[in-house]
Amino acid sequence: MLGASFKAVASELLRPVALIRYLVLKTEVHAYCASLAFFAMVAFYPLSLLFISVSKYAFMSESAHTAVQELIRALYPTSQEFLLRNLEASSWQFGEAVTVQAGVWVLLGAAGVFIPLETALNGLWGFEAHRPYWRNQLVGFLLVLAGCGLALPAVWGLAAMERWPQVLPAIALIYVSAALFLLYRFLPNGPVSSVWALPAAVLGTVALAAVQALFVWSLPYLALPESQGPYHVSISFLLLAYFEAFAIFGAAFVTTQAAHRFGTTPPSVRLRESGEE
């Protein structure tokens with residue numbers, strides 16, 4: 001069954017017109033992506049500060065600290081050294097107490113992220129009822145805890161490896177796939193099989209890597225320092241998060257379309273799509 005779902009998703013990629021129409025022409029998709037980008041920017045610095053502080057004060061490991069720095073470099077599109085200098089200054093200024101403050105801001109960012117995510121995923125899967133706000137936030141909080149629970153052991157494991165710089169890209173891709181799997185599997189307000197969540201996570205990981213590589217390549221041509229002045233660093237991250245959100249929703253769209261064709265979605269959805277209602 002898992003092999004069949006991967007084959008169905010691959011087959012769906014050969015029909016890109018529906019995907020382009022969904023990503024480009026759907027107004028709500030642009031709104032969802034803009035919302036995700038904003039809240040990602042709200043949460044990114046405190047999340048990075050949280051991991052920097054944990055590596056210093058909890059792990060007390062120079063290798064773990066270096067591994068976290070390299071992960072942040074990989075995630076931020078430009079001016080990485082400027083960002084890391086500020087993170088180091090903030091961690092020394094606030095000390096161990098920064099973990100509590102950073103945690104609050106991370107949760108605030110997550111609180112905004114999971115509303116448009118659930119709404120979009122529910123629509124793609126055909127789940128008509130959305131969770132009440134408090135349940136959405138509860139599920140989001142649990143997913144944040146799960147994500148951090150996956151990330152901290154990964155950082156610790158990297159620090160214990162002598163050749164961790166060589167395996168860092170592979171570990172990062174595995175982590176992103178695991179995080180997306182949790183998102184696609186548990187955030188929609190209805191049953192989503194792991195058989196479909198897994199190919200969506202793999203496709204989303206590949207799409208995110210491609211979007212980031214393309215964005216970093218095109219960044220010099222955008223001339224953001226000339227047009228945005230001192231805001232160009234933040235704007236570059238905001239734009240990257242905005243385009244990466246399209247990758248997340250695009251992977252979900254392709255997978256749900258494949259599931260629809262496979263006959264594993266609610267009958268009402270298939271009727272609407274075929275125009276029989």
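Guide: To describe a lining by class, we count Ala, Val, Leu, Ile, Met, Phe, Trp, Tyr, Cys and Pro as nonpolar, Asp, Glu, Lys and Arg as charged, and the others, Gly among them, as polar. What you see is a predicted model, in which local features need pLDDT of at least 70 and side-chain atom pairs count only at pLDDT 80 or more, while totals for chains, interfaces and linings use all residues. Residues are numbered from 1 along each chain as its sequence is written, and side-chain values use heavy atoms, with hydrogens and water left out.

The protein has 12 helices and 0 strands (DSSP runs of H or I with at least four residues, or of E with at least two, numbered from the N terminus), and so a reading along the sequence gives the pattern α-α-α-α-α-α-α-α-α-α-α-α. Of the 277 residues in the protein, 44% are buried (under 20% relative accessible area, with exposed meaning over 50% and partly exposed in between, for a 1.4 Å probe and protein chains only). If we take the contacts (heavy atoms within 4.5 Å) between residues at least 6 apart in sequence, 77% of them join residues at least 24 apart.

Now to the part you asked about. Among the 50 residues that line the largest pocket, L47, L75, Y175, V176 and A179 are the closest to its centre. Seven helices are named as giving two or more residues to this lining: α3 (27-58), α4 (62-75), α6 (98-125), α7 (133-160), α8 (164-186), α9 (194-222) and α11 (232-262). Of these, α8 gives the most, with 11 residues. By class, the lining of the largest pocket holds 44 nonpolar residues, together with 5 polar and 1 charged.

Points are joined across faces, edges and corners, and a volume is the space filled by probe spheres set on them.

A search of the whole structure finds 1 cavity of 30 Å³ or more, and about 40 Å³ of space lies in the largest cavity. Its lining is made of L121, W125, Y184, V192, W196, A197, A200, A252 and T255, and the helices that give two or more residues to this lining are α6, α9 and α11. The largest share, 3 residues, comes from α9, and the lining divides into 8 nonpolar residues, 1 polar and no charged.

A120 is buried, with a relative accessible area of 5%, and, leaving aside residues up to four places away in sequence, A120 touches Y32 and F249. A120 and A252 are 132 residues apart in sequence, yet their C-alpha atoms are 9.2 Å apart in space.

Finally, we can look at the aromatic rings (Phe, Tyr and the six-membered ring of Trp, paired if their centres lie within 6.5 Å, stacked if the planes are under 30 degrees apart, edge-to-face if over 60, and otherwise tilted). The whole structure has 10 aromatic pairs. In one of them, F38 and F39 have ring centres 4.9 Å apart and planes at 75°, so this pair is edge-to-face. In another, the rings of Y76 and F237 have their centres 5.4 Å apart and their planes at 15°, so this pair is stacked. Because Y76 lies in the loop between α4 and α5 (80-94) and F237 in helix α11, the pair ties together parts that are 161 residues apart in sequence. Y76 is buried at 8% relative accessibility, and F237 is buried as well, at 9%. Elsewhere, ring pairs link F215, Y242, F243 and F246 into a cluster.

Technical notes
On a 1 Å grid over the protein atoms alone, a cavity is a set of points where a 1.4 Å probe fits but cannot get out, and a pocket is an open set with protein on both sides within 12 Å along at least five of seven lines; lining residues have an atom within 4 Å of a point.
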